[in-house]
Amino acid sequence: MINRKTTLLSLTTLVLLLPVTPASASTYTVVKGDSLFQIAKKYQTTTDELMRTNRLNSDNLQIGQTLEVGNKPAIGGQPAAGQDTQPADVAADQPTKPAKPDADQPKPPKQMKVNADILNVRSAPDIDSKIVDKLSFGTTVHILDYGQEWTRISYKDIEGFVATQFLSQKSASGETAGATPSKMDVDKLQEIIAPLMKTRYVLGGTTPDGFDCSGFTSYVFQQFGVKLARTSDEQFQGGTEVPFEQAQPGDLLFYDSLHKGKVSHVAIYLGDGMIVHANGDDVRLEKEVYMHKIYPFYGVKRYL
C-alpha cells in the first residue's frame, strides 16, 4: 500500500518543478505618425507609465521602435502581440479626430488660430500634463508639429502642446486678406458706432455701460459676428497684417500708448484719416495722424 504522506510529498514536488510562464507584457512597434500619447490611449495606459516601463528619457519615438504596452486590450485597430481584440470607449474628455489617409491629409499651415475661448497649452500631449500657458480666442500660433489629436505650437517665448481640434484649420492669414468692404459694411459700421459715441471709458469695460479700448473693439466686431481676443495685445496677434497705406474702414490700428515697448491700445479705422476708439474719458473720434505723433504705431490688422 502506497504511503499517503509519500504521495502528497511527490505531488507537491511535481507542482514546484513545473515551469511557470510569466505574464509578459505585450509589445507594440512604432509606425509613421505615432505619438506616445496616442499609443498610451490605445492601450489604456498613460504616457508617464509608458516612459517608466520603457525607460524613455523623452516622448520622441523612432519608426520601428518596440515598446512594452502592458496587457490591457487595445482600443480599435490591431491588437498587440498576444492580445485579444476588445472594443472600449474613449474617455469623454479625450480630444479625438478621425485619422485620414496621408493622401487626403492637407498640409497644415505654418500658422493657425485658436478657436476656443480659452485654450490650455500643456507641457506634453496629455490632458494630465502640466498647463504652461492659456491662449485666448483668435490668438495666432506657429505650428511646430501638427498632429490629428495634439499639435506642438510656439507663441512668443512659450512652446507646448494644444488639442488640435481647437485650432482653426484655415491659414492664420485669413481668407479675406484681399477683400474690400462693401458700402453696406461701412454703413453698418457707422450705424453700430454712432450710438456708442461718448460712452464713458471704464478699464476692463466691454459693454455700452463702459468700454476700455479693446472692450470697445470687441463689442463692435461682435455685431459683425467676429469674436476678438480680449486685450489689445492679443488682438494684435490675430487678423491679417495690412500695410498702413492700404488700411480700410473696419481695420484695427495698434499703438503703444503706455510706452512699454508692446501694444497697449487699439482703435478702429473709419477712413479719410479718422479713427474711433475708447480713449481718455470716453469713446471718441480722432485723427490718426495725431495718434501717430504721440504714440508708437505698431501696425494694421484686418478681421472683417
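Phe221 is buried in this predicted model, at 0% relative accessibility (buried means under 20% relative accessible area, exposed over 50%, partly exposed in between, with a 1.4 Å probe and protein chains only). The model contains eight aromatic pairs (ring centres of Phe, Tyr or Trp, the latter by its six-membered ring, within 6.5 Å; planes under 30 degrees apart are stacked, over 60 edge-to-face, the rest tilted). Phe221 and Tyr303 form an edge-to-face pair, with 6.2 Å between centres and 85 degrees between planes. Phe221 belongs to helix H5 and Tyr303 to the segment after strand S16 (297–302), so the pair ties together parts 82 residues apart in sequence (helices, H or I of at least four residues, and strands, E of at least two, are DSSP runs numbered from the N terminus). Tyr303 is buried, at 14% relative accessible area.

A further edge-to-face pair is formed by Phe236 and Tyr298, at 6.2 Å centre to centre and 80 degrees between the planes. Phe236 lies in helix H6 (residues 232–237) and Tyr298 in strand S16, 62 residues apart. Phe236 is buried at 18%, whereas Tyr298 is partly exposed at 33%. The charged end of Lys301 sits over the ring of Phe236, 4.5 Å from its centre (NZ of Lys or CZ of Arg within 6 Å of the ring centre and within 35 degrees of the ring normal).

Residues are numbered from 1 along each chain as its sequence is written, and side-chain values use heavy atoms, without hydrogens or water. In this predicted model, local features need pLDDT of at least 70 and side-chain atom pairs count only at pLDDT 80 or more, while totals for chains, interfaces and linings use all residues.
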